[in-house]
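This report describes the packing and the side-chain interactions of one protein chain.

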Amino acid sequence: MNDTAKALIDVKTRLKDWLFNAALPIWRDTGVDKAKGGVFETLALDGTPADVNRRTRVAARQVYSYALARQMGYAGDVDTVIDAGLNWLSGPAAAPGGLVYAVLTPQGEVVKAEFDFYDHAFALLAYASAFKVRPHDKSLEQKAIAIRDTLLTTYKHPVRGFEEANPRTLPLKTNPHMHMFEASLAWIEAGGDSVWKDIAGEIAQLCLDKFLHPENGSLREYFDGDWNPLEGEMGRIIEPGHQFEWAWLLVRWAAISGDDTFIAPAKRLVEIAEDFGTDHGRNATVFELWDDFSVKDNKARLWAQTERMKAYVALQSIAATPEEKAGYVEKLIKGAEGLELYFDAPVRGLYRDKMNPDGSFVQEPAPASTLYHIICAIDETFRVEM
């Protein structure tokens, strides 16, 4: 066994132990609100939950996380969290037309009633994830199709993609499209109907045609109503974490669609995020760059580290030679070591969210929403064999 293969086994062992024996138990046992229902937004670093307003996307992400845990072979109780999340989505968070409200009080009163595309993408992902482990529960697919069909009839962009509101609000954003893409791929994998593949194909092509900078291959975040980059500074922002995440999705789509035209743009996104968006002194991917690749925000969020890992899992899966694969796996291991820096919390199973430019961490509670990123990256890492 060579050094890379041994290092891969070692990092898998550490990540699985942390996830199965610390993170999943604490976010289930302490992170679920057993009195009022739903899940808590954060746990303080001493493990105390904060009873603050709740974003629906967090309940959806926890459904995803614990459904994935079951698929990964976790033997502990996952149903407590899956049920809490699904009951919140179809209970207090339920809005007319099969949609969901974005933010509620812990008591279930609506705080933000406006349509939020991002939250609906995660509701769709939650239903797909639950359906994978509960394939006999057809109501999960029915609820997803109700959301999807409302998106298609009420919030579809007149040319491609989706609107942020009806009537329209600007800017249009790539981020919720990325998660709609992710949810569509999840439904394809779960055995959903052909409409999911149509949506995924449209978003993938929209990314290549409009989201990517035609000269340097970077991915912009904010657009006008015709999918032109927004004027001014907002139109110049790129997020290295999203570059990695889109690359992961595009490689997955290339495998599903059989269309290799998505591979080269994906590789370019990874190259930019690694070379310009990652501080190799800290071994951390930073938050924001400008479109000339200079640093805009040098803080490093945990979630971006997980996307770095996922991107290299994707690239190693399409490597042309054993040497190329080994190089990508080495980058994956480096990314995993970067992620593990964030696990240095007073209570094992919690984590830091923001790394300062000097390598220290912001003192703040651990956000429940981040578990989704972590478990996905760990699951992806387990797909790699040397």
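A residue counts as buried under 20% relative accessible area, as exposed over 50%, and as partly exposed in between. The structure discussed here is a predicted model.

## Salt bridges

Across the whole structure, 36 salt bridges are found. Side chains of opposite charge can pair when their charged atoms come close. One of these bridges joins arginine 268 to glutamate 271, with an N to O distance of 2.7 Å. Both residues belong to helix α9 (residues 263-275), where they stand 3 residues apart, about one turn of the helix. An α-helix has 3.6 residues a turn, so residues three or four places apart point the same way. Glutamate 271 has a relative accessibility of 38% and is therefore partly exposed; arginine 268, at 27%, is likewise partly exposed.

| Salt bridge | Closest N and O atoms |
|---|---|
| Arginine 282 and aspartate 279 | 2.9 Å |
| Arginine 383 and aspartate 379 | 3.0 Å |

The accessibility of the partners in the remaining two rows can be given residue by residue. Arginine 383 is exposed, its relative accessible area being 55%, whereas aspartate 379 is buried at 13%. Salt bridges with shared partners also link Asp33, Lys36, Asp51 and Arg54 into one network.

Another arginine, arginine 252, is located in helix α8 (residues 240-257). Is arginine 252 buried or exposed? Its relative accessible area is 18%, and arginine 252 therefore counts as buried. Leaving aside residues up to four places away in sequence, arginine 252 touches Leu185, Ala186 and Glu189.

## Nonpolar cores and an enclosed helix

In soluble globular proteins, nonpolar side chains tend to be buried together. The largest nonpolar core of this model comprises 126 residues, and Leu19, Trp27 and Phe181 have the most contacts inside it. Helix α4 (residues 117-133) supplies the largest share of this core, with 12 residues. Apart from this core lies another, of 5 residues, which include Ile238, Ile272, Val286 and Leu289.

Phenylalanine 181 has a relative accessibility of 0% and so counts as buried. Its contacts, not counting residues up to four places away in sequence, are with Ala200, Ile203, Ala204, Trp246, Leu249, Leu250 and Trp253.

Helix α10 (residues 302-317) has 16 residues and extends 24 Å from its first C-alpha to its last, close to the 22 Å expected at 1.5 Å a residue. Of its 16 residues, 15 are buried, so α10 is largely enclosed by the rest of the structure.

## Aromatic pairs

The count of aromatic pairs comes to 21. In one of them, the ring centres of phenylalanine 131 and tryptophan 187 are 5.5 Å apart and the planes meet at 35 degrees, so the pair is tilted. Phenylalanine 131 lies in helix α4 and tryptophan 187 in helix α6 (residues 174-189), so this pair ties together parts that are 56 residues apart in sequence. Both phenylalanine 131 and tryptophan 187 are buried.

Phenylalanine 181 and tryptophan 253 form an edge-to-face pair, with 6.4 Å from centre to centre and 65 degrees between the planes. Because phenylalanine 181 lies in helix α6 and tryptophan 253 in helix α8, this pair ties together parts that are 72 residues apart in sequence. Tryptophan 253 is buried, with a relative accessible area of 6%. Phe181 and Trp253 also belong to one aromatic cluster, together with Phe211, Phe223, Trp227 and Trp246.

## Cysteines

How many disulfides does a search of the whole structure find? The search finds 0 disulfides. Cysteine 207 is in no disulfide, and the nearest cysteine sulfur, that of cysteine 376, is 18 Å away. A disulfide requires the two sulfur atoms to lie within 2.5 Å. Cysteine 376 is in no disulfide either. Cysteine 207 is buried at 0% relative accessible area, and cysteine 376 is buried at 2%.

Terms used. Residues are numbered from 1 along each chain as its sequence is written. This is a predicted model: local features need pLDDT of at least 70, side-chain atom pairs count only at pLDDT 80 or more; totals for chains, interfaces and linings use all residues. Side-chain values use heavy atoms; hydrogens and water are left out. Buried means under 20% relative accessible area, exposed over 50%, partly exposed in between (1.4 Å probe, protein chains only). A salt bridge is a side-chain nitrogen of Lys or Arg within 4 Å of a carboxyl oxygen of Asp or Glu. Helices (H or I, at least four residues) and strands (E, at least two) are DSSP runs, numbered from the N terminus. A nonpolar core is a set of buried Ala, Val, Leu, Ile, Met, Phe, Trp, Tyr and Cys residues joined through side-chain atoms within 4.5 Å. Contact means heavy atoms within 4.5 Å. The expected span of a helix is 1.5 Å times one less than its number of residues. Rings of Phe, Tyr and Trp (its six-membered ring) pair if their centres lie within 6.5 Å; planes under 30 degrees apart count as stacked, over 60 as edge-to-face and the rest as tilted.
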